[in-house]
Amino acid sequence: LKVASLSRALYGLGLDEIRELLMTEKQLDSYNASPAATTTTRDKGSQGQYQSSTSTSGREIVVQVSLPLPFSDHIAASRFTDLPQQSRWSPWLTSVSYLDDDRGETLWTLNVRGIKFSWRAQSSILKDPIRGITWQSINGLKNAGVVEFHPTSKDSCVMQVRMTIITPRLLSALFEGSSAFIEDFLRNKLLKWSLEMFRDVVKADLALERGDLELGDALLGAVEGKANAIEATLGTTKFSRENTN
C-alpha cells in the first residue's frame, strides 16, 4: 500500500486531481487506440467449480468467470437482476439504487480499502434465448459487462460473467501500481466471492421461503461469516444480518 497515495485520498484531492482519476470519453477513445501489450491468464478449478480467465491491455482488464448454480436460470436471473439487492452478495458495494427504472439507469457506490468510487450505469435485461443482464457505465468508474444464466437442467444453471474495467489511477496506486495484482484481486477475490455469495444467499432465501428455517439461518450465518472475512481483507466495515432481510 502506498501511504502517500492513500493519505491524499483520505485527506482530500483537488478538483484537478479528481478529474485525473476518471477518463473522459475523449481520453478513453485515445487510450483504446494506443497500442499495448496483452497478456492472458487462466485459472480453471475442478469440474463443477469456479472457472476464470483474464486478459489485460494497459489499464483495461477483461475478466470472464463462471460458476454452476443449484437452482434454475429463471430463479437466478430474477434474483440477480433485482439490482438494489447486489450488496447482499457483494459487501464492498455500499449501495445500488435506481435513478430511472424505465431506462434501467442506476447509481452504484463501491468501497475498496476505505476508498469510495461511484458511477452511473445503464442496464438491459436479457430474456430470450438466455436470461441475464448487460450493463455499461455512463459516467464515473469505467466498466461494462454481461451476466448470463445458462440452463443445465430444470433445477440448475451456470452463471457466466464477462466484465471490462478501466482501472482508476487511484486504485492502481492503492495496489502499488501492479496490474497483475489488481487483475488477480478482481478475478480471484471480488468476482469469485460475489458469485459464491450470490449462490449461497439465494440458497438461503429459497430454504427460508419453503419453511426450512434451520437450513436458511445456517446458510445466512455462513454468508455473514464470509462477508466478515472479506471486510477484513478489504478494510471495510459493511455488512450485517439486517442486509439479508
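**Aromatic pairs and a buried threonine**

Phe-71 and Phe-198 are both buried, a term for under 20% relative accessible area, against over 50% for exposed and partly exposed in between (1.4 Å probe, protein chains only). The model is predicted, with local features needing pLDDT of at least 70 and side-chain atom pairs counting only at pLDDT 80 or more, while totals for chains, interfaces and linings use all residues. Residues are numbered from 1 along each chain as its sequence is written, and side-chain values use heavy atoms, with hydrogens and water left out.

The structure holds seven aromatic pairs. Rings of Phe, Tyr and Trp (its six-membered ring) pair if their centres lie within 6.5 Å; planes under 30 degrees apart count as stacked, over 60 as edge-to-face and the rest as tilted. The pair of Phe-71 and Phe-198 is edge-to-face because the ring centres are 6.3 Å apart and the planes stand at 75°. Phe-71 lies in the loop between β3 (60-69) and α4 (73-80) and Phe-198 in helix α6 (residues 179-209), so this pair ties together parts that are 127 residues apart in sequence. Helices (H or I, at least four residues) and strands (E, at least two) are DSSP runs, numbered from the N terminus.

Phe-198 also pairs with Phe-80: the centres are 5.3 Å apart and the planes at 90°, so this pair is edge-to-face. It links helix α4, which holds Phe-80, to helix α6, which holds Phe-198, 118 residues apart. Phe-80 is buried. Phe-71, Phe-80, Trp-89, Phe-149 and Phe-198 form one aromatic cluster.

Thr-164 is in strand β9 (residues 156-166). Thr-164 counts as buried because its relative accessibility is 19%. Leaving aside residues up to four places away in sequence, Thr-164 touches Glu-60, Ile-61, Val-62, Lys-142, Asn-143 and Ala-144, where contact means heavy atoms within 4.5 Å.
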